[in-house]
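I set out to record what I looked up in this model, entry by entry.

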Amino acid sequence: MSAVTPLPQERRLVTAIPGPKSQELQARKLGAVAAGVGTTLPVYVTRANGGVLEDVDGNSLIDFGSGIAVTNVGNSAEAVVAKASEQLAAFTHTCFMVTPYEGYVAVAEQLNELTPGDHEKRTALFNSGAEAVENAVKIARAYTKRTAVVVFDHGYHGRTNLTMGLTAKNMPYKQGFGPFAPEIYRVPVAYPYRWLTGAENCAAEAAAQAIDIINKQIGADNVAAIIIEPIQGEGGFIEPAKGFLPAIVEYAKANGIVFVADEIQTGFCRTGQWFACEDEGIVPDLITTAKGIAGGLPLAAVTGRAEIMDAAHAGGLGGTYGGNPVACAAALGSIETMKEQDLVGKAQRIGEVMLDRLRSMQEKFDIIGDVRGRGAMIAVELVKPGGKEPNAEATAAIAKACHAEGLVVLTAGTYGNVLRFLPPLVMPEHLLNEGLDIIEGAFALQGVTAA
């Protein structure tokens, strides 16, 4: 087994982005891959490490995407590579439901320990975030003997049939793919920047509206689960106003409803805490995780109160590849890296640097309506000058300008007007600042500044 060879932590452009070899591969992709599988930035990667991605043309790009919050420990983290390689050489698969192995159990033990709350817990492992959410719904229904599921405006929970129904945004996730699963109900979320009566009223009013809708239109006794992202991801990195989540949790507890925290994008140190719901002391009944759990290998989990998790009958949960042994080994290496390198602290530092710089930019550029987020999960919402009308055109233009300069950034938001930043938690600070310089330059190119 060869050791990981670190890449120089520098931005290096030797061709236009994308370069000629990437363009050749993109032409092949268009001829071989289904058109529905889109690509944000068609540079074809050959190596990645720390905070950079190296492409087939020899360009080295700064990574502010982390594969959508997956490579929290960086690409090719040493402990991930070592443990996954050792497991790969031992065996790749047996199916845990047929002949089990220790790795699955060890990951479950780690998740039971790390997730919020000191109650007795159980964990089940799956392949993807959408699978985790679907299984959380199955478990909640089995436990409560109820069917209704409540979700929130701007929420995103996946691309399978059930999770498309749970997801708020139509394009590109739902358009043309219905009909969707029944018994799904959507209620308002506390979106401070866009709350009509002001951010100061947002938490109380949004919670009251959500609870009123549940009571009148669904009936609390019919609700199996309330599912929410503690910070909404694809919806635009919306952090609900303080007090909103505790109010919803209190309501769920009072009415025998399973409260599910979808921490698929926010989990594993990303927000400067192991899990984002810790910020307001939220202890969910069930928590779904994926993305950052295994350093890039496909793995997901549902972790929760033992009595709820054990409600499903034997054989009712599982899947052929769920908790694959190589992915489990990678997860153990990823968690080890997070602990040893204090990635909670590193995420907090990334947040300090990014928020300071981005708020300074907000004073210069009047298309920046809002700067928000926690830890290394930061976003800016762009608006038309003089108001709050979403500015999707400027968002796309700025992302394109960043890409051309060798900075990978992602967009998000129900209105397509949010730039979101998800750097690996191991990113060196000089690259973080260089990326922010590129972002500021891209805003300057728009030529719209505060008076």
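**Entry 1: Backbone geometry**

I began with Ser76, which I placed in the loop between H2 and helix H3 (78-90). The model is predicted, and I read the values below as computed ones. Ser76 is not a glycine, yet I found a positive phi of about 55 degrees for it.

I next turned to Ile68, a residue of helix H2 (residues 66-69). Its phi is near 65 degrees, again a positive value in a residue other than glycine. Ile68 is partly exposed, and its relative accessible area is 30%.

**Entry 2: Cis peptide bonds**

I looked up the peptide bond between Met171 and Pro172 and found it to be cis, with omega at about 0 degrees. I located Pro172 in the loop that runs between helix H6 (161-166) and strand S6 (184-187).

A cis peptide bond also joins Gly178 to Pro179, where omega is about 5 degrees. I noted Pro179 in the loop between H6 and S6.

**Entry 3: Packing of H7 and H8**

How do helix H7 (residues 199-218) and helix H8 (residues 244-254) pack? I recorded an angle of about 30 degrees and axes 9 Å apart. Angles under 35 degrees count as roughly parallel, and H7 and H8 are therefore roughly parallel to each other. Their crossing is right-handed.

I then listed the residues in contact. H7 contributes Ala203, Ala206, Ala207, Ala210, Ile211, Ile214 and Asn215, while H8 contributes Phe244, Ala247, Ile248 and Tyr251. Sorted by class, the contact of H7 with H8 comprises 10 nonpolar residues, 1 polar residue and no charged residues.

**Entry 4: Nonpolar cores**

Which members of the largest nonpolar core touch the most other members? Among its 124 residues, I found these to be Phe64, Ile226, Phe244, Leu358, Phe421, Ile439 and Phe443. Helix H11 (residues 343-364) gives the most to this core, with 9 residues. I also noted a second, separate core of 8 residues, which includes Ala69, Met377, Ala379 and Val418.

I returned to Phe244, having met it in the contact of H8 with H7 and in the largest nonpolar core. Setting aside neighbours within four places in sequence, I found Phe244 in contact with Phe152, Pro188, Val189, Ala190, Ala203, Ala206, Ala207 and Ile228. Of these partners, Ala203, Ala206 and Ala207 are among the residues that H7 brings to its contact with H8.

Note on methods. Residues are numbered from 1 along each chain as its sequence is written. This is a predicted model: local features need pLDDT of at least 70, side-chain atom pairs count only at pLDDT 80 or more; totals for chains, interfaces and linings use all residues. Side-chain values use heavy atoms; hydrogens and water are left out. Axes are lines fitted to C-alpha atoms, for helices over the stretch in contact, and angles run from 0 to 180 degrees between N-to-C directions. Helices (H or I, at least four residues) and strands (E, at least two) are DSSP runs, numbered from the N terminus. Angles under 35 degrees count as roughly parallel, over 145 as roughly antiparallel, 65 to 115 as roughly perpendicular and the rest as oblique. A crossing is left-handed if the near helix is turned anticlockwise from the far one by less than a right angle, and right-handed if clockwise. Contact means heavy atoms within 4.5 Å. Ala, Val, Leu, Ile, Met, Phe, Trp, Tyr, Cys and Pro count as nonpolar, Asp, Glu, Lys and Arg as charged, and the others, Gly among them, as polar. A nonpolar core is a set of buried Ala, Val, Leu, Ile, Met, Phe, Trp, Tyr and Cys residues joined through side-chain atoms within 4.5 Å. Buried means under 20% relative accessible area, exposed over 50%, partly exposed in between (1.4 Å probe, protein chains only).
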